[in-house]
Amino acid sequence: MPPNPARHADAPAVAIEGLAMRYAGKTAVDDLSLQVARGSITAVLGPNGAGKTTTLETCEGYRRPQEGRVRVLGLDPVRERRELLPRIGVMLQGGGAWSGVRAEEMLRHVAALHAHPVDHDLLVERLGLAECGRTPYRRLSGGQQQRLGLAMALVGRPEIVFVDEPTAGMDPQARRTTWELLEELRGDGVTVVLTTHYMDEAERLADTVHIIDHGRLIASGSPLELTRGGSVSTIRLVVTRPFPPGAPESLTAALGPGTSVTLLDSLSLLVTGPADASTLARVSRWCEEQGVLPESLTLGTRSLEDVFLQLTGRELEEHAS
Ligand SMILES: Nc1ncnc2c1ncn2[C@@H]1O[C@H](COP(=O)(O)OP(=O)(O)OP(=O)(O)O)[C@@H](O)[C@H]1O
């Protein structure tokens with residue numbers, strides 16, 4: 001059946017209900033439900049192994065949901081794959097191109113599969129691929145492979161693109177270009193679903209962030225909603241000698257209700273809550289009572305990093321590759 005964008009025109013770009021996926025009995029995705037609005041950029045954020053790629057692969061039709069239901073543009077990605085495929089763009093982790101093929105040939109090949117591909121030369125220039133057009137895929141740098149993967153996802157003028165860790169391995173310039181490109185796509189009404197474990201990427205780009213950990217959705221909202229407006233609300237305490245046992249509990253008791261304390265490592269901890277003068281004074285009084293010498297006491301705005309830390313008790317980046 002030829003693509004018919006009018007079918008399910010009111011359906012969300014992505015609707016996932018109760019998705020569960022297991023590999024050899026090990027749970028990768030656990031009762032996950034989320035929706036993606038059309039024309040938005042949505043980031044699925046989580047550490048390595050959280051289940052991001054598996055979730056995306058069910059949306060792309062590469063994996064059949066073991067439990068639950070997945071719809072993309074109102075269509076079943078497995079049963080209605082032929083109808084859906086021309087309408088989606090997919091950037092796989094690890095590129096998805098044949099190892100011996102030249103970059104430009106690969107892009108032309110993918111373009112030829114689509115009825116109305118975008119201007120190939122424009123895409124090559126935009127993504128800085130001109131200089132490596134004749135280079136075999138396996139000889140491209142990691143960042144060039146990423147950029148080619150992105151070009152392959154976009155060349156077919158998709159209504160929705162799934163990009164798996166789009167800027168992993170890219171240099172800062174290529175990262176910025178990629179972000180601008182994804183923002184332009186949103187400006188043109190294209191829906192972008194990306195996975196990332198870069199907080200700054202999610203914070204900068206996404207209209208909605210879904211944080212997942214161990215296959216479960218643990219928080220959803222706009223970056224502003226999740227960080228409560230980025231108000232000053234964290235104190236990072238770094239000390240010169242390891243904290244005594246039970247330090248987080250004892251500091252929590254000293255600060256009273258409304259604050260939470262997370263031990264980051266043996267020499268640093270994060271206080272989340274009102275970071276006002278009285279909290280600061282109590283933290284330094286507690287240091288004095290415990291006989292620990294602060295090396296630094298830093299006020300900060302609550303970031304997605306802090307949200308993740310508070311929800312899981314772990315830092316995201318230490319899990320990042
Ligand atoms: N083909 C597979 N066979 C067995 N286990 C798998 C397979 N693919 C993924 N897993 C496991 O499922 C879990 C989720 O993996 P997934 O790749 O979806 O996570 P992710 O959040 O995308 O991680 P990353 O950020 O490292 O890409 C992990 O524990 C992973 O080891």
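Okay, ground rules. Residues are numbered from 1 along each chain as its sequence is written. Since we're on a prediction, local features need pLDDT of at least 70, side-chain atom pairs count only at pLDDT 80 or more, and totals for chains, interfaces and linings use all residues. pLDDT is the predictor's confidence in each residue, from 0 to 100. Here the chain's mean is 88, with 94% of residues at 70 or more. For the complex, the predictor gives an ipTM of 0.95 and a pTM of 0.79.

Now, the ligand. Residues around it, meaning their C-beta atom, placed from the backbone, lies within 6 Å of it, include Y23, N48, K52, T53, Q93 and H197. Helix α1, residues 52-59, gives the most to that shell, with three residues. Helices here are DSSP runs of H or I, at least four residues, numbered from the N terminus.

On to the inside. A nonpolar core is a set of buried Ala, Val, Leu, Ile, Met, Phe, Trp, Tyr and Cys residues joined through C-beta atoms within 7 Å; buried means 20 or more other C-beta atoms within 10 Å of a residue's own, again placed from the backbone. The largest core has 63 residues, and A151 and F162 are among those with the most contacts inside it. Helix α5, residues 142-154, supplies the largest share, six residues. There's also a second, separate core of ten residues, including I235 and L255.

Last stop: helix α11, residues 304-312, buries L304, D306, V307 and F308. After α11 comes G313, with a positive phi near 75 degrees.

Methods
A residue is buried if 20 or more other C-beta atoms lie within 10 Å of its own, exposed if 12 or fewer, and partly exposed in between; C-beta atoms are placed from the backbone. Helices (H or I, at least four residues) and strands (E, at least two) are DSSP runs, numbered from the N terminus.
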